[in-house]
Amino acid sequence: MLRRRLEFIADIVRQADLVLLGLCCAATVYGLVMISSATNYMETRRYVIVQGGAAIIGVVLYFLVSMVDLTEVVKKWKWLLAFNIGFILLLKTPLGFESNGNLAWLHIPGFPVNIQPAEIVKMTFILLLAQQLVWLKENRDLKSVPSVAMLGGHLLLMIGLYYAISSDMGSALVYVFVFACMAFAAGVATRWFVLGISGAGIAFFLLWQEEKIPEYMMNRFRILFDHDLDPLGVGWHQTRSLLTLGGGKLTGQGLYHGTQTQSEFSQSLPFRHTDFIFSAIGEELGMLGCLLVIVLLSAIIIRCLVTATKARSQMESYVCVGMAGMLIFQTLSNIGMCLFVLPVIGLTLPFFSYGGSSIVTLFVSMGMVSSIHGRTLPEWLK
């Protein structure tokens, strides 16, 4: 019995992409250290404990998901679609929990952390979209109007439903970027991207002119072009972020010694363990610490893309591209927000920012990439 269990564990480890896991764990441990520092002024270890526990669960799930054959999962695409819609609709039940103006969380009594449906649905959305792209390539012309309409309808269904319920524009934009990356990789004609971007730009301009966009959202764009517009209001978070980053210079002020990161005053860096953890890293570990963050996340993204080039099927290749696109958008958006060159849209830094459900879903997502990687190995290594 013991021998069988050991053989089973060995099979799981052999199947998994240990290089990708090592990169993810390195980023997570780095993030845990910074969460500990960023929450030190609160005199509580709760955030570190929750993040650490979620990371352990994530690693276990990473190994388990690595054993799953995704080509078999997508055969149940109707169930996946029903799950996506149903899970988002749960936000309209008493379990829905509003935070920072967005109805984007589920609060389950007795559960230690809140759950963000958008994080979980992203994974199944990528699976469904990958399967849809393959089906259209095999049965129809992917560049035709009906095919693009079907793809666009799938995207609009998901982001329209989610945004109508949650008002969470940041997560909705992640879906759009992931969709664009996967559609481009599949070979959707460039003209459709040009039309889509042009249409979105015109619609945004018209809505702006008619003042149909919420005032707070318009101000987040205005402040990017005039940092003095409202430095004590809309621009407060990003102004403090720049000040914090600048204070670190090349090597930083030292772990647990950042002026803004360790300050107990409300006027200091806000959301320093979530949205603006990159700024806290910059202050305490300097530009070198920030570069290490970028290197780790870039290595994870590159690993996903390399796996995409070696995948045994187009569907699995598109899944890897979708996972990479998700990480790219969240990384660029968060760092751009901290640098005051992109608007605040509430996206956290993957593997580094605090968030129990986020870290678990990230490991599961990478577990899917690991599953694909394991099935590209030579037969004698499987």
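Is Phe 340 buried or exposed in this structure? With a relative accessibility of 3%, Phe 340 counts as buried, where buried means under 20% relative accessible area, exposed means over 50%, and partly exposed lies in between (1.4 Å probe, protein chains only). The model is predicted, so local features need a pLDDT of at least 70 and side-chain atom pairs count only at pLDDT 80 or more, while totals for chains, interfaces and linings use all residues. Residues are numbered from 1 along each chain as its sequence is written, and side-chain values use heavy atoms, with hydrogens and water left out.

**Nonpolar core**

- The largest nonpolar core holds 98 residues, and the members that touch the most others are Ile 300, Val 319, Phe 351, Phe 352 and Met 366; such a core is a set of buried Ala, Val, Leu, Ile, Met, Phe, Trp, Tyr and Cys residues joined through side-chain atoms within 4.5 Å.
- Helix α13 (residues 314-338) gives this core its largest share, 13 residues; helices (H or I, at least four residues) and strands (E, at least two) are DSSP runs, numbered from the N terminus.
- Val 319 is in contact (heavy atoms within 4.5 Å) with Leu 70, Ile 126, Leu 127, Ala 130 and Ile 372, once its neighbours within four places in sequence are left aside.

**Salt bridges**

- Six salt bridges are found in a search of the whole structure, each being a side-chain nitrogen of Lys or Arg within 4 Å of a carboxyl oxygen of Asp or Glu.
- One of them joins Arg 303 to Asp 17, with the closest N and O atoms 3.0 Å apart.
- This pair links distant parts of the chain, 286 residues apart, since Arg 303 belongs to helix α12 (residues 277-310) and Asp 17 to the loop between α1 (2-15) and α2 (18-38).
- Another salt bridge is formed by Arg 312 and Asp 69, whose closest N and O atoms are 2.6 Å apart.
- Here too distant parts of the chain are linked, 243 residues apart, with Arg 312 in the loop between α12 and α13 and Asp 69 in the loop between α3 (46-66) and α4 (70-73).
- Arg 312 counts as partly exposed at 45% relative accessibility, and Asp 69 also counts as partly exposed, at 22%.
- The side chains of Glu 215 and Arg 222 meet in a salt bridge of 3.2 Å, N to O, and these residues are partly exposed, Glu 215 at 48% relative accessibility and Arg 222 at 28%.
- Salt bridges with shared partners also join Asp 69, Arg 312 and Glu 316 into one network.

**Nonpolar surface patch**

- Leu 250, Met 287, Leu 288, Leu 291 and Ile 294 make a nonpolar surface patch of about 440 Å², the area coming from the Shrake-Rupley method with a 1.4 Å probe, for which only the protein chains shown count as cover for residues.
- Patches are made of residues with over 30% relative accessible area and no salt bridge, with like charges joined within 9 Å and nonpolar side chains (Val, Leu, Ile, Met, Phe, Trp, Tyr) joined within 5 Å.

**Helix α3**

- Helix α3 has 21 residues and reaches 30 Å from its first C-alpha to its last, close to the 30 Å expected at 1.5 Å a residue, the expected span being 1.5 Å times one less than the number of residues.
- The buried residues of α3 include Tyr 47, Val 50, Tyr 62, Phe 63 and Val 65.

**Backbone and loops**

- Most residues other than glycine have a negative phi.
- Phe 340, which is not a glycine, has a positive phi of about 65° and is found in the loop between α13 and α14 (356-374).
- Glu 43, not a glycine either, has a positive phi of about 55°; Glu 43 lies in the loop between α2 and α3 and counts as exposed at 72% relative accessibility.
- Asn 114 lies in the loop between β2 (102-106) and α6 (117-139), counts as partly exposed at 25% relative accessibility, and touches Phe 97, Trp 105, Leu 106, His 107 and Ser 357, not counting residues up to four places away in sequence.
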